[in-house]
Amino acid sequence: MTARLHVDWTRCDGHGSCAELLPDVLAVDDFGFPVSRSGDRDPAVPRRSVDAARHAVRNCPLMALRLYDAAG
Amino acid sequence: MTTTTAPVLTRRLLDGTGADGAAHVARYGMLPRLRLDDLLRAVTESGLTGRGGAGFPTAIKVRAVAGGFRRPIVVGNAMEGEPLSSKDAVLLSRNPHLVLDGLEILARAMRAKRAVLAVGPDFDAAPVLAAARGRRLEVAQLEGGFVAGQETALVNQLDGRPAVPRDPFTRVTESGVDGRPTLVLNAETLAQLALVARYGAEWFRSAGTPEDAGTSLFTISGSVARPGVVEADRGSTLRDVLAPTQPVRPAAVLVGGYHGAWVPVSGLDVRLTQRELTAYGASVGAGVLHVLGSGSCPLSFAAGVVEYLAGESARQCGPCLNGLPRMAADLRRLAAGTRDASLPAEVERMSALVRGRGACAHPDGTVRFVASTLDVFRAHVTAHLEGWCPMTARSAS
């Protein structure tokens, strides 16, 4: 199982806290929106960053993030 | 509309009887009553795929929804928000009963709570309303727009919310209209399914190829003498499907509409199958074929399309809302002959930022169209950067 991060783009307004909390998974694009470093639609979160990812999910002011387990 | 008969044209769908129900029964027979198992077997064996754009196997979608505990909702999608498409409207005016049959066959087999045919605002609903009389289904005339026909936007609108897509994390097959498992199928897919239910999978597969079975409706526009909707075998070549509309000096054909990709005139002998179209990054999609004439500038055309698509963004997702107008502006500058060699790379960089970062197919579809434009018309782009347009043979600036 791999933890993956899903962004609900209809909610996200580019607040930017997720990219600050998860620098190894997310960067910020030209417009201030989080962009996956791996290029995957729902990027994998390495084990060492799972706690930070949970923190990012809780801290998103628009509740636009979701962490889920996926096969592979 | 053309009446020319070429060998590839088929007459499964368009030879309907209009709203006349008695004539419909005389031609096609009574509405078949199939148990879900039998219907699923027939649809699986037929190889029927969605005719609304994504081309997903219909049987898999039906099975996903039918497996649930709650009674599902079945939605027929005739929103047809693509400006270059009119095949669903033509089908519904000529053969409304066949589309409604498909909806009703599914609704009965799946014991659906509701069955709804959704049509766009500009559609003349009178023949469909007449054909729907006495059937246990609804016809809903909804708000339109390019993205209003996206599955999640349609579900939102049927639930009384704005006609914008929602986050696809929870699939509508799990929780759609009224929180129920929801099956959304394109109007033509429903008509094809009604034929499969009546005549069987083997009959259905007697047209098309083993991998792309049956027939499809195509809406043909652009540089042609006789634009219109034709039905053709899915194994046909692009050249043969276009022939009855009499293309005029074609330079390239946009396959799949504004979210589609170009096939240059050198590729007209490509068969309209998934396998052969992959070489062009194209797919049949909803069957939109738009012919660009050799006197038209492809970059001006593309800039116009992307400006339109940017305007049709539901304005919910940041990358689409911000990225599409930038892509449109840079394409417009390219079309105008701006001598800025960084423009193609900048369009590609912006495309990469937009791709995969939205709730619906709009950003990815737009990127597909733009990538194909820059690829197929590479030499043309180079000429524009040197300040002239090979198509119009004029200074581009």
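Predicted model: local features only at pLDDT ≥ 70, side-chain atom pairs only at ≥ 80, totals over all residues.
In which sense, left-handed or right-handed, does H2(B) pass H3(B) in their crossing? Residues are numbered from 1 along each chain as its sequence is written, and chains are lettered from A and ligands numbered from 1 in the order in which they are written.

Now to the helix pair. Helices (H or I, at least four residues) and strands (E, at least two) are DSSP runs, numbered from the N terminus. In chain B, the axes of helix H2 (residues 36-46) and helix H3 (residues 58-66) come within 8 Å and cross at roughly 155°. Axes here are lines fitted to C-alpha atoms, for helices over the stretch in contact, with angles from 0 to 180 degrees between N-to-C directions. H2(B) and H3(B) are therefore roughly antiparallel, a label for angles over 145 degrees. As for the opening question, H2(B) passes H3(B) in a left-handed crossing, meaning that the near helix is turned anticlockwise from the far one by less than a right angle.

Which residues meet here? From H2(B) come B:Leu36, B:Leu40, B:Val43 and B:Thr44, and facing them in H3(B) are B:Thr58, B:Ala59, B:Val62, B:Arg63 and B:Ala66. Contact means that C-beta atoms, placed from the backbone, lie within 7 Å. By class, this contact has 6 nonpolar, 2 polar and 1 charged residues; Ala, Val, Leu, Ile, Met, Phe, Trp, Tyr, Cys and Pro count as nonpolar, Asp, Glu, Lys and Arg as charged, and the others, Gly among them, as polar.

Stepping back, chain B is assigned domain 1 (21-204) and domain 2 (298-395), with bounds from an automatic or database domain assignment. Their centres, taken over C-alpha atoms, are 34 Å apart. Domain 1 of chain B gives 10 residues to their contact and domain 2 of chain B gives 8.

Over in chain A, an open sheet of 3 strands runs in the order E4-E1-E5 with antiparallel pairing. Strands pair if DSSP finds at least two bridges between them. The edge strands, E4 (44-45) and E5 (65-70) of chain A, each pair on one side only. Within E4(A), A:Ala44 is the bridge partner of A:Arg4. Helix H2 (residues 50-59) of chain A lies across E1, E4 and E5 of chain A, at about 140° to E5(A).

Finally, where the chains touch, chain A contributes 14 residues and chain B 13 residues. The chain A side has 5 nonpolar, 3 polar and 6 charged residues.

Definitions and conventions
Contact = placed C-beta atoms within 7 Å. Parallel < 35°, antiparallel > 145°, perpendicular 65-115°, else oblique.
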